[in-house]
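Please read the following note alongside the sequence and the structure.

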Amino acid sequence: MKAPWIFIFLLFTSYSFGEKEPSFVTLPEVLNELDTYLDKRNDYTQEKVRRIDSLKNILHVIQTDEIRKSDLYINLFNEYKTYKYDSAYVYANHMLNLAEKLNNPFYLSLAQQQLACCYTSSGLFREAANIMPAICTALYTDSLKVEYFKLRSRLSYDMADYAFHDPFQTIYNQEGSMYMDSAIMLLPMGSDEIWLSLGLKRTSERNFEGAADALGRVIHQEDVDDHTYAIAASTLGYVYTALGDPDKAIYYSAKAAIADIRHAVKETTALNNLSRYLYERGDINRANRYIRLAIEDADFYNVRQRKIVISSILPIIEKERYGLIEKQRNILMWSIIAISLLFILLLATTLVIHKQIKKNTAGKAYHRNIKHQIEGCQ
């Protein structure tokens, strides 16, 4: 009975209120806030490391408890999947080996889904697509089914981005929306997750006004977690770029970058998109700093495809930055020349005036001398 009611819910709430206008601080203020978080981002990374080390310590203690080991493998994979690709892949394979050892179809499906997630993140789309049919969702709870459908949707949307041109882009986008609809059907009405899913679907369908409405509902929730907030805010940045509102695009991308830092996300940080928006705005120095930090994150996450995508904008920004430096150098040089010429002109004028004063003084002395001589003759 849930299916008809959920579409009635979406029909009557999709555009009822519109996206709330954020309480905007100025862009310099939100960018300064981001800079503050960037200065202490290692603190958040260390929190992540401590959580991971704690799980590993427990893992070393319970080597003979296979069920607890599987739970720890799942937790370690979840910690690593947006943080460090290599380690996430290792624990996905540990989970797969354990599931095969236990001959447990539920754990086997979870492990295959983890591997599909790794393949999708690294751009191995064919490998991800090949493994998906082997996952037995009949064994899943609704929440796990949601994760499965969202992963299939993400894979299709990523393939659409990679295809770039029709007919394949449209085909993959439609496929992604179909899987997203399946996830939406299982989500609680009015939840953050349902609005996020709807926002991502509308974005892929280029329904940007509707996407802004849905995603705006997510980020204005007080209890939304950092990762969900980051996805919604980052997507809103793209949406407002499409809607021709660069200020909001920068604002939400900066907020997404802050959430990424708090969650220690290294996979695809919002700094990449933010650097492009700032470059287009002419803030070259900040764009250069942010893209370098995004590349640093991509190197740490260690997926070649991510490195290539993020690194592609650096030469463009660097060329513009060097051009800006050269322009400033030329302005400085001509300023020095102009000041030097003015100084020479001032010096020459001073010498002429001094010479004229000296000449006038000598003339006055001569006339006084003649006058004294005449008065003496009389």
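The numbered points below concern a predicted model.

1. Aromatic pairs. The structure contains 15 aromatic pairs. One of them joins tyrosine 85 and tyrosine 89, whose ring centres are 6.2 Å apart and whose planes meet at 15°. Planes under 30 degrees apart count as stacked, so this pair is a stacked one.

2. Is tyrosine 85 buried or exposed? With a relative accessible area of 11%, tyrosine 85 is buried, whereas tyrosine 89, at 31%, is partly exposed.

3. An edge-to-face pair. Phenylalanine 125 and tyrosine 162 also form an aromatic pair, with 6.1 Å from centre to centre and 70° between the planes. The arrangement is edge-to-face, because angles over 60 degrees are counted in that way. This pair links distant parts of the chain, since its members are 37 residues apart. Phenylalanine 125 lies in helix H7 (residues 125-131), and tyrosine 162 lies in helix H8 (residues 142-163).

4. Accessibility of that pair. Phenylalanine 125 has a relative accessibility of 10% and therefore counts as buried. Tyrosine 162, by contrast, is exposed, with a relative accessible area of 66%.

5. A cluster and two charges. Which residues form one aromatic cluster? They are Tyr73, Tyr80, Tyr83, Tyr91 and Phe300. The ring of phenylalanine 300 also has the charged end of lysine 84 over it, at 5.1 Å from the ring centre. Elsewhere, lysine 40 lies over the face of tyrosine 37, and the distance to the ring centre is 4.9 Å.

6. Packing of two helices. Two packed helices are described by the angle between their axes and the distance between the axes. For helix H11 (residues 208-219) and helix H12 (residues 226-242), the axes come within 9 Å and cross at roughly 150°. Angles over 145 degrees count as roughly antiparallel, and H11 and H12 are therefore roughly antiparallel to each other. The crossing of H11 past H12 is left-handed.

7. Residues at the helix contact. On the H11 side, the contact involves Phe208, Ala211, Ala212, Leu215, Gly216, Val218 and Ile219. On the H12 side, the contributing residues include Thr228, Tyr229, Ala232, Ala233, Leu236 and Val239.

Terms used. Residues numbered from 1 in each chain as written. Predicted model: local features only at pLDDT ≥ 70, side-chain atom pairs only at ≥ 80, totals over all residues. Heavy atoms only, no water. Phe/Tyr/Trp six-rings, centres within 6.5 Å; stacked < 30°, edge-to-face > 60°. Buried < 20%, exposed > 50% of the residue type's maximum accessible area, 1.4 Å probe, protein only. Helix = DSSP H or I, 4+ residues; strand = E, 2+ residues; numbered from the N terminus. Lys NZ or Arg CZ within 6 Å of the ring centre and 35° of its normal. Axes fitted to C-alpha atoms, helices over the stretch in contact; angles between N-to-C directions. Parallel < 35°, antiparallel > 145°, perpendicular 65-115°, else oblique. Left-handed = near helix turned anticlockwise from the far one by under 90°. Contact = heavy atoms within 4.5 Å.
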